[in-house]
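I opened a new page for this one.

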Amino acid sequence: MATRGDLRLQAWVLAIGAGLMAAKFLAWYLTHSNAILSDALESIVNVVAGVFALYSLFLAAKPRDREHPYGHGKVEFISAGAEGSLVAIAGGIIIARAVQALLAGHEVHASNEGILLVVGAGGANLLMGLVLRGRGRRSHSLTLEASGIHLMSDAWSTGAMLVGLLLVRFTGRMWLDGAFALGFGVFIIVQGLRMVRRSVGGIMDETDMAVADGLVRVLEEHRVPTWIDVHNFRVITFGRTLHIDCHVTLPYYWTLEQSHDAIAAIDHLLNEKGGRDTELFIHMDPCVEASCSICQLADCPVRRRPFVQRVPWTLDTALQNKKHDAV
C-alpha cells in the first residue's frame, strides 16, 4: 500500500518536472537545437507520466475492499507499463525528427544560456531520479522505481545532448546534433521497453525468482524438524504485498491446533524476515511413509523407514509440485 509520503514525493517531482519542461523549451528557443527540442518533448512525457504515476499511487494507497480483496496494488504495474509505452513512443518521435533534421541540414545555435539551462535541468532530473528510484526500491513500489529510472535516463540523455552541443560549438559540424538525437531516441526506446516488459510480467503474475529465492532461503535457515517438507512454492506480487501459497508437510498424527501453530510460525517468520508484507495461503499435507526418509524428527513415534538424507530447501526443490523423498 502506498504511503502519504510516497504521494507527497511524487507530487513534488511532478511540480518540479513541469518547471524543468518549461526550462528546456526555453533552452530550445535560445539554441534552436533539435537535440534540445527532442529532450524538451520527452519532458512532456515525463509530466504526463508523472500525473498518471501520482494517480496510481493514490489508487494503490486505498485499502482492500469487497471488489478488490487483494488490494489495489496491481495498478502500479499498469502505471509502469503506461509510462514505459509513452517513453518508447517519445523515442520513436525523437528519431523521426532527428532524421528529418539531418536530411534538411538544420542549423544549431549553441548559446551559453541554452547550455546552462540544459545542465541545470539534467542535474535536477538526475537528483530526482535517484531519490525516486531509492524510495521505490526501499518501499517496493514499482511506480516510484519506474519514475526514478525514467528521470535518470532523461538525465543521462540530457548529458549526451550537452556533449553533442559542445561538439557542434567547437567543431562547427551541425550533423552531430542530429546524430546525438538519434542515439538519445534509441536509448529511451530501450528504457521504455524494459519498463513495459517488467509491468507485463507483473500483470501476468510472473514470479520474481530473486524474491522467491530469498524467501526460500529464510525458510531453510530457520527450518525446524517438524517442518518435514515444503513444495509447490508460488509467489505473486500485488503492489508491495507478496502473496505466497505453498504445501507444507507436517506429522500426520498432529492435532489441528498443532498444525495451525506450525503454519502460524511460518507466516510470522516470513513476515518478519522476508523484508516486506507477506500474505500466506498454506496447504497442509500429512506425512506419508515415503516422507520418513527425509524426516529429521528424531523421536517420531510412528516412523516406518529410517532417515536417509536431508533435502535442502532451495528454489529448485521448493518449486516442485510434489512431496520430496530420498529416492
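**Ground rules.** I count two strands as paired if DSSP finds at least two bridges between them. Helices (H or I, at least four residues) and strands (E, at least two) are DSSP runs, numbered from the N terminus. The model is predicted, so I note that local features need pLDDT of at least 70 and side-chain atom pairs pLDDT 80 or more, while totals for chains, interfaces and linings use all residues. Residues are numbered from 1 along each chain as its sequence is written, and side-chain values use heavy atoms, with hydrogens and water left out.

**The sheet.** I looked up the strand order and got β1-β2-β3, an open sheet of three strands with mixed pairing. From one strand to the next, the twist averages 15°.

**Pairings.** I then went through the pairs. β1 and β2 (residues 241-250) are antiparallel, with eight bridges. On that side I found D229 bridged to T249 and R234 bridged to D245.

**Helices on the sheet.** For angles, I use lines fitted to C-alpha atoms (for helices, over the stretch in contact) and go from 0 to 180 degrees between N-to-C directions. Contact means heavy atoms within 4.5 Å. Helix α7 (residues 209-222) lies across β1 and β2, at about 140° to β1. Helix α8 (residues 256-273) packs on the sheet too, touching β2 and β3, and makes about 145° with β3.

**Is β2 buried or exposed?** I take buried as under 20% relative accessible area, exposed as over 50% and partly exposed as in between (1.4 Å probe, protein chains only). β2 is mostly covered, with nine of its 10 residues buried.

**R305.** I found R305 in the loop between β3 and α9 (315-319). R305 counts as partly exposed because its relative accessibility is 34%. Which residues does R305 touch, leaving out those up to four places away in sequence? They are E289, A290 and C292. E289 sits 16 residues from R305 along the chain, yet their C-alpha atoms are 7.0 Å apart. I also noted a 3.5 Å polar contact between the side chains of R305 and E289. For that term I need N or O atoms within 3.5 Å; within protein, one must be able to donate a hydrogen and the other to accept it, and residues adjacent in sequence count only if both atoms are side-chain atoms.
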